[in-house]
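Colleague: I am new to this structure and would like to go through it with you. Could we begin with the protein as a whole and then turn to its helices?

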Amino acid sequence: MPEFSSAFLQEHTAGAWHGTTGGATGANLDAAVNGFSIDTRTLRRGECFVALKTEKRDGHDFLADALAAGAAAALVEHPVAGVALPQLVVADTAAALRQLAAAHRDTLRCPVIGITGSAGKTSTKDLLARMLGKPDTGTGGGNVLATVGNLNNTLGVPLTLLRADPKRHRRGVVVECGMSERGEMDVIGTVLRPTIALITNVLPAHLAGVGSLADIAREKAALARHVMSAAGVAIFPAELLEHDCFARLKCLKLAVMFNDAGAPPVFGTDGNLKFWRGHYEAAPKGWLLKIFAGSKPAGSAADSQPGLFPLLNTHSEGMARNAILAIAAATLADSDYFDIATATASWKPSAGRGEWRTTGGRRYYADCYNANPCSVLDAAGNFDRQTQGGAARQGERGAESGEQGDNAGEEGKRAKGEGIRDKGKGQRAESGATPQETTLIPSPLSLIPSAALPPRSPLPAPRSLGSEATNPRIFVLGGMNELGEQSAALHERVGRELPLRAGDILILHGGDAPRIADGVLAAGSAANRATGSATDGGFPKENIIVADTLDAVRAAIDDAPAGAPVFLKASRSFALERLLDPPEA
């Protein structure tokens, strides 16, 4: 673990030491600080306790607890009498923490990769860390450091950086960067200054704290504005170039076009803009991924094997796209083909982010860590793809046991070009603009002649709600928070696009979730008008249940047909994961 001397702490915070032995040089520290903590309950011996003031509590009131937990020092805004702990007094403890992290960032010579986006940050971070090497789990060993838990904000990012060991984490530091208010990403970027900034997407999320979709784009692009200019690069989907804040980035930009999408309009000549193309294809055992630098596949094996990367069928279409972005980042960070392919083939999502669980004799697809409109539809589409008849359920069992299922032959995605699922996506340039394939970023890996992907399976025809009434499913959807004034409308639009069958059951819980029912019923009414039928295409109103409590949700699930799989998705505050626990006696 890295160590920080008292002189380092004082130099980079402009603070003054106050301790039981007096003096202002910090000489009263018996040993160097070996980490930082903002919570005395998780503080480890030898760490420096950072006393933060919040609306709910004042960290200065917990210095005695920090001392009892083994703290070596404390970062404070005023001396606390009666606590025999060296205290470094600074003007602002949160700002001082960021200053220390920024100074420590200067000691790192490995790739520092920042990941942000409206959805998929955590899963992409976890997958990329495995592509780079062996992630450090905190128990010793590991040559890659990655964000732990939800330490992705203006406090969590500095705490993560301060764990980076220049001697041990030689393959990379992968940092998740989140925000919920304007200006936060700029603060994070100033500290992190990534070698590679990866932006997964820009979607309607955190609208309450940020404003509009354009405002969200500016916040996400802020991370790329802080990329280390000499050797850094920003990686993002090419459709984000429609946002001026991405198009005008000064750093090297690697824009990834997915499947058959055309290049977005590019006005003028931008020598810093390069294009790669990523393919994702549904296959019998999941997804096959491939990324092309111009006409050649990037990330290929040196012995002329094609650069195909398998991704298990437990993952959604959105995760397939994010995995391609991660492959691009790992390629530029000098990971070889076999390390990348091994990671994509073996990686499984973390708890609550698209995993199959069995409890109480019923199977649950749990993706309930958080939610926004696009992530709900992406996860629901994946659930729909994996629950197409009995063979699909066999594939689910294989996925849960870590094996690849046999049910992913159907692509399970809707035709593009309409609805909320495509919010923020680019369109083919009418001007006939083509990717700048003559000025592509060279891959550090061996490139081989292009190998054709498996033939593209045709998109399935739109399903009639009345055509697959057997094998009912249960959709449990909670509210999506932080959508501001657009919340009700966005919930309704989600309802219009849910992949429901006539025999399914829809359970809605919390927040604006009941507005999803309005969209479901409106979509059915629209289908009726289009066909001139009073019965075809509509979703049965009696199959929609609004549950005020989790106990009511559980009761509704219990009343559903035995064997019906359950889909769980909601914002974190609604705690749908509690449905996976046995009911209290």
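**Surface, burial and helices**

Modeller: The protein exposes about 24100 Å², of which carbon and sulfur atoms supply 50% (accessible areas by the Shrake-Rupley method with a 1.4 Å probe; for residues, only the protein chains shown count as cover). This is a predicted model, in which local features need pLDDT of at least 70 and side-chain atom pairs count only at pLDDT 80 or more, while totals for chains, interfaces and linings use all residues. Residues are numbered from 1 along each chain as its sequence is written, and side-chain values use heavy atoms, with hydrogens and water left out.

Colleague: What percentage of the 585 residues in the protein is buried?

Modeller: A residue is buried when its relative accessible area is under 20%, exposed when over 50%, and partly exposed in between (1.4 Å probe, protein chains only). By that rule, the buried share of the 585 residues is 56%.

Colleague: Why is α12 described as largely enclosed by the rest of the structure?

Modeller: Helix α12 covers residues 373-386, where helices are DSSP runs of H or I with at least four residues, strands are runs of E with at least two, and both are numbered from the N terminus. It is largely enclosed because, of its 14 residues, the number buried is 13.

Colleague: How are the axes of helix α3 and helix α6 placed, oblique or parallel?

Modeller: The axes of α3 (residues 93-105) and α6 (residues 184-192) come within 8 Å and cross at roughly 40°, taking axes as lines fitted to C-alpha atoms, for helices over the stretch in contact, with angles from 0 to 180 degrees between N-to-C directions. Angles under 35 degrees count as roughly parallel, over 145 as roughly antiparallel, 65 to 115 as roughly perpendicular and the rest as oblique. Therefore α3 is, relative to α6, oblique.

Conventions
The expected span of a helix is 1.5 Å times one less than its number of residues.
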